[in-house]
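Thanks for coming, everyone. Please have the sequence and the model open. I'll talk about helices and rings.

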Amino acid sequence: MPASVSVIIPALDEAERIAATIDAAFAAGAAEVIVADGGSRDATIRIAREHGAQVISGQSMRSRQLNAGAQLASHRTLLFLHADTLLPAGAAEAVTRAIDDGAIFGGFRIAFIEQTLGLRWTAFAINFRTRFSRAPWGDQAHFIRRADFLRLGRYREIPLMEDYDLAVRMKRHGKIAILPLPVHTSGRRFLEKGLVRTTCINWLVVLAFRLGVSPNRLARWYRG
């Protein structure tokens, strides 16, 4: 029987990946999958529906897509999943158990779909960081009780860093769970832009955000 978990996937032109992501979510025990589309021009919406997901569209900013999906969700626990990330078997049950054990928020360990030596080291570094920071990033599949998500402020509707911002805020409210099960995500950005360059950019953006640089300015720099 599926756990009471709603999986929310923000998507934009992810026709090549969305089917596998949805199928893995259902196989992991999700009771429902909601794809919040940001205006795809490819077959993302059609494929998502064919694979059993509910689809909503109209929001072009990822944070707004995530919040819209959460508003539509009908189950107790929310799990936010990137469109290129695969949940492991038993993920929904593990999330439910963590919430029942008192966690207010959490995420998973990470592994990359592409098995290169550089990406294995990158995954090790991310998992090491998360072990001590207790602040999983968005590609680690955030989860939270829906009532707490709505009560404590949702994702800030900013164009970048909404995942990091939520993780840091949730640390103030209770126990954070980092599940030992790994989600498998695409390392395409690391491979396209280079491991060292991408890692440095990520940390520079985090530092600038912590120092108060506007998310709008950061988004222009990060995506430019």
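One definition before we start. Buried means under 20% relative accessible area, exposed means over 50%, and partly exposed is in between. Keep in mind that this is a predicted model.

Take Phe 128. Its relative accessible area is 46%, so Phe 128 is partly exposed. Phe 128 has a ring partner, Phe 124. How do we describe such a pair? A pair of aromatic rings is described by the distance of the centres and the angle of the planes.

An α-helix has 3.6 residues a turn, so residues three or four places apart point the same way. Ring pairs also link Trp 121, Phe 124, Phe 128 and Phe 132 into a cluster.

How many aromatic pairs does the structure hold? There are 11. Here is another one: Tyr 164 with Phe 209. This pair is edge-to-face, with 6.2 Å centre to centre and 80° between the planes. Tyr 164 lies in helix α7, residues 162-170, and Phe 209 lies in helix α9, so the pair ties together parts that are 45 residues apart in sequence.

Now look at α7 as a whole. It is mostly covered, with 8 of its 9 residues buried. Among them are Glu 162, Asp 163, Asp 165 and Arg 169. What covers them? The cover includes α3, β6, β7, α6, β8 and α9.

That brings us to α9, residues 195-210. It packs with α10, residues 215-223, at an angle of about 165°, and the axes are 10 Å apart. Therefore α9 is roughly antiparallel to α10. The crossing is right-handed.

Which residues meet there? From α9 we have Ile 201, Asn 202, Leu 204, Val 205, Ala 208 and Phe 209. From α10 we have Pro 215, Leu 218, Trp 221 and Tyr 222. By class, this contact has 9 nonpolar residues, 1 polar and no charged ones.

Notice Phe 209. It meets α10 in that contact, and it also pairs with Tyr 164. That's my tour.

Notes:
Residues numbered from 1 in each chain as written. Predicted model: local features only at pLDDT ≥ 70, side-chain atom pairs only at ≥ 80, totals over all residues. Heavy atoms only, no water. Axes fitted to C-alpha atoms, helices over the stretch in contact; angles between N-to-C directions. Helix = DSSP H or I, 4+ residues; strand = E, 2+ residues; numbered from the N terminus. Parallel < 35°, antiparallel > 145°, perpendicular 65-115°, else oblique. Left-handed = near helix turned anticlockwise from the far one by under 90°. Contact = heavy atoms within 4.5 Å. Nonpolar A, V, L, I, M, F, W, Y, C, P; charged D, E, K, R; others polar. Phe/Tyr/Trp six-rings, centres within 6.5 Å; stacked < 30°, edge-to-face > 60°. Buried < 20%, exposed > 50% of the residue type's maximum accessible area, 1.4 Å probe, protein only.
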